[in-house]
Structures are given as structure tokens and as C-alpha cells.
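Good morning, colleagues. Please have the sequence and the coordinates open while I speak.

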Amino acid sequence: MRKQIQMIEKPDIKDERIIIALNQNYSIQVSHLEFLPIGNDASAFSYRVKAINGDLYFLKLKRKLWNLAGLCVPRFLKDNGIEQVIAPFPTKTQELSVDVDKFALILYPFITGNEAMEVGMSDSQWTELGSVLKQIHNTELPAVISEYINRETFIPKWSSLAKELHERINKRNYDEPYQKELANFWKKNNKTIQTLIERTEMIGKHLGETDLEFVLCHADIHTANILITRENKMFTVDWDDTLFAPKERDLMFVLAEDSTHSREEQLFFDGYGDVKVNQLALAYYRYEWCVQEIGDFGKRVFLTKDVGENTKHDAVQGFKELFLPGDVIETALNTPFELEIRNHS
């Protein structure tokens, strides 16, 4: 899955505005505010906040808060006993975010740890992850929260943008260095990109006509969104994409293409329990992930105006890595689906 992009430019908001907002809405007196140029979302920005009393917080600013479920779901799960979830703090008026200028400000506890993608996970942590994910999938949410959660439609939301970029890039020549580099690489992989888009839409159409069980999904639970602390505690982060969908939406991050990670897979299912995997749903999500990455990286380089050179550079490199052996595109292309489609017809 995607490696985290590590160079995000500081947003156009003064530190003083953030410090005042934290005091007004959370009663926090800030002694130090540090911008952290990390993350994989060019419209989200991270800060380390130190209060006068010594408490530490993790602050996230978003240009657009497009999915309220990404705040209220982890808060509900945390309040109902799933300790491995990092949830936002409520404001003095019990809101989970506050608007400051053109940003949404969201405050979290500061967890000192490393991404599991970087440091790995122990046997017990893989089993713990399986148990936690099973709890999430079994969660029944109250209607006041469920109404904010999107439901899977099997209409790939990045498909239109990917097709638009595909057409645009193949009709133009580019002089800007990063656009030129990505366009040349894109054109060399035209056939593969076209295949990914077409198969995603085709499989999605079949699944849209199928009666499937939906559960609450994190929807982005790869190891870059799992933090491991020095005390070996595990936490899940980044609930922005949470939705009701087939369990395969989350399980695709664990299920290996072959036997390479079969041991980790077994440890995970020791915690999750027995499960029958819908192979067509698994294929869809693997293909859809590729289209999402293609569209997202392409958008940063060709369409987004307020990103810097570092973000463009990392987007180009991230795009190229998708095509490496063993990465997501190869995994998707090696996932069987033709027989499953015939069985569903």
C-alpha cells in the first residue's frame, strides 16, 4: 500500500490564529506550536501542540471537512471501549471540530509512536488487530451517527477523474518538469491504466447488482495508519474514509496475493475469526485502490494549484511506485475475477 508522503507545506494561516482558537474552544494555553510536514493528504496539515501545563496534543487542520463520520465514528468507538482508536477531543461546546478562517481544526491526543509500516508488528499485535477490526465490523451505531456515514455504491469515485486525466495527458505536451515527468511515465503505461479503470468499473457494476452484507469499515486500515508506541501499544488513526461496505473493504489490507504473508494473515484471523471472503468484492477493492491512487497522485501534479514543489515531487515518485513489482497494481492485476463475474451473472 501507499507509502506516506513526508513533505507537506505549511498552510496559509498564522500560528497566532491557531493558538487563540485552541484557547477559546478547548481552554488550552499554548506554550509551543510546531508544524509537522508529514502526512499523505495535501489538504490536511499537522501540528504538535504543547500546553503551558506540559500536556501534548496532535492538531490537524483540514481545508475541507467532507466526512463528519471520520470524527464521530472514532469518538463513539473510543467511548464504547475500543481503546486502540485515537479519537478527537470535543470542544467546550461538545463539537468535534471548530472552523478557523478557511480551515477545520481537529484536536487529538499526542501519541508518541511509529507507523507499523516502518517498524513492523509483533505476532500478538497482528492478532490484536484482527480482534479490533472484528469489533469494529460488529459495531452497531446509533442513528444519529449512522446518518453521517456513506454507503458503498460500487461506483468508483476516482474513476471519472482518472479518465479525465488519462484523456488530457494523452492529448497534451507539458513543459513544467514534474508534469512532464509524470506525463511521460503515464503514457508508457497507458494500456495498464486503461485496463485498471475499465476493470474497476466493470466489477463495480456487477457488485452493484449483488446483495451483500455491509459492515462498518475503517476503509484505510493499512499499516501506515497503525501506530505502535514504545510500550508496544497499538492505535488506529485516520478515519476519514470510514463507510458502510462489505468487510473485504478492510480485509484487502491483510489478505495477501500469495503465500508471502500467510503467517501474518493467520495471526490476524486468529483474532478476527473464521471468515468467507467474497473474491469479487476483494478484486473490486484492489482495483479501485489503484484507480484512487492514480487519480489522487495525478490530481496533485496536474490539477491542484496550491501545492509546492516537494508535494509534486513526492506525488510523481508515489505514482511510479504503484507500478513496481509487488505493489498494488501488480496485486490487483493478479487477482482473479472473471470466474466470479460468471458466477454472479
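I shall go through the sheets, then the cores and a helix pair, and finally some backbone details.

Please keep in mind throughout that this is a predicted model.

Let me begin with the five-stranded sheet. This sheet is open, its 5 strands run in the order β1-β2-β3-β5-β4, and the pairing is antiparallel. At its edges stand β1, residues 30-36, and β4, residues 98-100; each has a single partner strand, so one side of each is left without a neighbour in the sheet. On average, and ignoring direction, neighbouring strands here are turned by 30° against each other. Helix α1, residues 15-26, packs on this sheet and touches β1, β2, β3, β4 and β5. The direction of α1 makes about 65° with that of β5.

Within this sheet, I would draw your attention to strand β2. Strand β2 covers residues 44-51 and pairs with β1 in the antiparallel sense over 6 bridges. On β3, the antiparallel pairing of β2 extends over 7 bridges. The strands β2 and β3 form a hairpin with 4 residues between them, and Gly54 in the turn has a positive phi of about 95°.

How much of β2 is buried? The strand is mostly covered, with 6 of its 8 residues buried. Lys50, which belongs to β2, has a relative accessibility of 36% and therefore counts as partly exposed. Setting aside neighbours within four places in sequence, Lys50 is in contact with Gln29, Val30, Ser31, His32, Asp55 and Leu56.

Between β6 and β9, residues 226-229, the antiparallel pairing comprises 3 bridges, and Asn114 has Ile228 of β9 as its bridge partner.

I turn now to the interior. As a general remark, in soluble globular proteins nonpolar side chains tend to be buried together. In this model, the largest nonpolar core has 89 residues, and those with the most contacts inside it are Val73, Leu77, Phe268 and Phe319. Helix α11, residues 279-302, supplies the largest share of this core, 14 residues. Apart from it lies another core, of 22 residues, which includes Ile13, Phe35, Val98 and Leu107. What does Phe319 touch, beyond residues up to four places away in sequence? Its contacts are Leu182, Phe185, Trp186, Ile193, Ile294 and Phe297.

Helix α11 also takes part in a helix pair. The axes of α6, residues 159-169, and α11 come within 9 Å and cross at roughly 55°. The two helices are therefore oblique to each other, and α6 passes α11 in a left-handed crossing. On the α6 side the contact is made by Ser159, Leu161, Ala162, Leu165 and Ile169; on the α11 side, by Val291, Gly295, Gly298, Lys299 and Phe302.

I close with two backbone details. Most residues other than glycine have a negative phi, and most peptide bonds are trans. Ser27 is not a glycine, yet has a positive phi of about 60°. Ser27 is found in the loop between α1 and β1, and at 47% relative accessibility it counts as partly exposed. Gln94, likewise not a glycine, has a positive phi of about 65°. Its place is in the loop between α2, residues 69-79, and β4. Is Gln94 buried or exposed? Gln94 is exposed, with a relative accessible area of 59%.

Note on methods
Residues are numbered from 1 along each chain as its sequence is written. This is a predicted model: local features need pLDDT of at least 70, side-chain atom pairs count only at pLDDT 80 or more; totals for chains, interfaces and linings use all residues. Side-chain values use heavy atoms; hydrogens and water are left out. A nonpolar core is a set of buried Ala, Val, Leu, Ile, Met, Phe, Trp, Tyr and Cys residues joined through side-chain atoms within 4.5 Å. Buried means under 20% relative accessible area, exposed over 50%, partly exposed in between (1.4 Å probe, protein chains only). Contact means heavy atoms within 4.5 Å. Two strands pair if DSSP finds at least two bridges between them. Axes are lines fitted to C-alpha atoms, for helices over the stretch in contact, and angles run from 0 to 180 degrees between N-to-C directions. Angles under 35 degrees count as roughly parallel, over 145 as roughly antiparallel, 65 to 115 as roughly perpendicular and the rest as oblique. A crossing is left-handed if the near helix is turned anticlockwise from the far one by less than a right angle, and right-handed if clockwise.
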